[in-house]
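Trainee: I am new to this structure and would like to learn how to read it. Please take me through it one feature at a time.

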Amino acid sequence: MFRLQGSRTLAVDLAGDAVRAKNGSMVAYDGRMTFKKMTGGGDGLRGMVTRRLTGEQMTVMEVTGQGTCYFADRASEISLVSLHGDKLCVEASNLLCTDAGLRTGTTFTGLRGGATGNGLFTTTVEGTGQVAITSDGSAVALRVSAQYPLFVDPGAYIAHQGNLQQHFQSGVNFRTLMGEGSGESFQIRFEGEGLVYVQPSERNTIGGDV
């Protein structure tokens, strides 16, 4: 079971089962635990090769045992996401921990990934279970509906889930709308039904002010 200790530490209660977490993110544990480093972070050889080819890099450890293990990552805020047979797309740098039974892989993001500087692929997590994601500041889950598409700054994007289509738009962003932008700028338009997770902070991106 995943639960938060405050907003920046994840506690995972284990009873002989396992979780996968960002390598080096364990800060404490009680009980009996074993830790195994998993090269590549994907599912099997195909996942490992895909990550090396696409640049979607993450180093994962599998934790198994009896007791409670605590995880954190650079004092980032942590949010919990429950999956019920659906898929979560999340930037690799924002993925902290998943149930071991969830499947991980990569998906093509096209020019959006190029603009954010995170590569052309992003991490996918599928199945039924819990996921912990991190953010710079408290993340907000914004709902997208068929009637109301959502426009997101690529530097603030963390993850999304649901039946969503994303379209990359260049030449406009929130600052250029106010007449304060400079140079090439970008935004992402999400359409469909689902949730988009954003952080109240902007990572550095390729393409100037976003």
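Mentor: Start with the surface. The accessible surface of the protein comes to about 10,000 Å², and 51% of it belongs to carbon and sulfur atoms. Such areas come from the Shrake-Rupley method with a 1.4 Å probe, and for residues only the protein chains shown count as cover. This is a predicted model, in which local features need pLDDT of at least 70 and side-chain atom pairs count only at pLDDT 80 or more, while totals for chains, interfaces and linings use all residues. Residues are numbered from 1 along each chain as its sequence is written, and side-chain values use heavy atoms, with hydrogens and water left out.

Trainee: What is the mean pLDDT of the protein?

Mentor: pLDDT is the predictor's confidence in each residue, from 0 to 100. Here the mean is 82, and 73% of the residues reach 70 or more. Over residues 44-56 the pLDDT stays under 50, and the model has 26 contacts for them beyond four places in sequence. Residues 206-210 also have pLDDT below 50, with 22 contacts in the model beyond near neighbours in sequence. A contact means heavy atoms within 4.5 Å.

Trainee: How many helices and strands does the protein have?

Mentor: Both are DSSP runs numbered from the N terminus: helices are H or I with at least four residues, strands E with at least two. The protein has three helices and 12 strands. Among contacts between residues at least 6 apart in sequence, 78% join residues at least 24 apart.

Trainee: What share of the residues counts as buried?

Mentor: Buried means under 20% relative accessible area, exposed over 50%, and partly exposed in between (1.4 Å probe, protein chains only). Of the 210 residues, 47% count as buried. Take Thr 134, which is in strand β8 (residues 121-135). Thr 134 counts as buried because its relative accessibility is 3%. Not counting residues up to four places away in sequence, Thr 134 touches several residues, including Asp 73, Glu 77, Leu 96 and Ile 158.

Trainee: Which residues of the largest nonpolar core touch the most other members?

Mentor: In soluble globular proteins, nonpolar side chains tend to be buried together. A nonpolar core is a set of buried Ala, Val, Leu, Ile, Met, Phe, Trp, Tyr and Cys residues joined through side-chain atoms within 4.5 Å. The largest one has 15 residues, and Leu 10, Val 12, Val 19, Val 63, Phe 71 and Cys 97 touch the most other members. Strands β2, β4 (60-71) and β6 (95-99) each give two or more residues to this core. Its largest share, five residues, comes from β2. Among the contacts of Val 19 beyond four places in sequence are Val 12, Val 63, Phe 71 and Cys 97. A second, separate core has 13 residues, including Val 81, Leu 88, Leu 102 and Ile 133.

Trainee: Which residues form a stacked aromatic pair?

Mentor: A pair of aromatic rings is described by the distance of the centres and the angle of the planes. Rings of Phe, Tyr and Trp (its six-membered ring) pair if their centres lie within 6.5 Å; planes under 30 degrees apart count as stacked, over 60 as edge-to-face and the rest as tilted. By this rule there are two aromatic pairs. Tyr 157 and Phe 190 form a stacked one, 5.9 Å centre to centre with 15 degrees between the planes. The pair links distant parts of the chain, with Tyr 157 in strand β11 (residues 157-170) and Phe 190 in strand β12 (residues 186-198), 33 residues apart. Both Tyr 157 and Phe 190 are buried.

Trainee: How many salt bridges are found in the whole structure?

Mentor: Side chains of opposite charge can pair when their charged atoms come close. A salt bridge is a side-chain nitrogen of Lys or Arg within 4 Å of a carboxyl oxygen of Asp or Glu. The search finds five. One of them joins Arg 8 and Glu 77 at 3.0 Å, N to O. Arg 8 is in the loop between β1 and β2 and Glu 77 in strand β5 (residues 77-90), 69 residues apart.

Trainee: Are Arg 8 and Glu 77 buried or partly exposed?

Mentor: Arg 8 is partly exposed, with a relative accessible area of 43%. Glu 77 counts as buried, at 11% relative accessibility.
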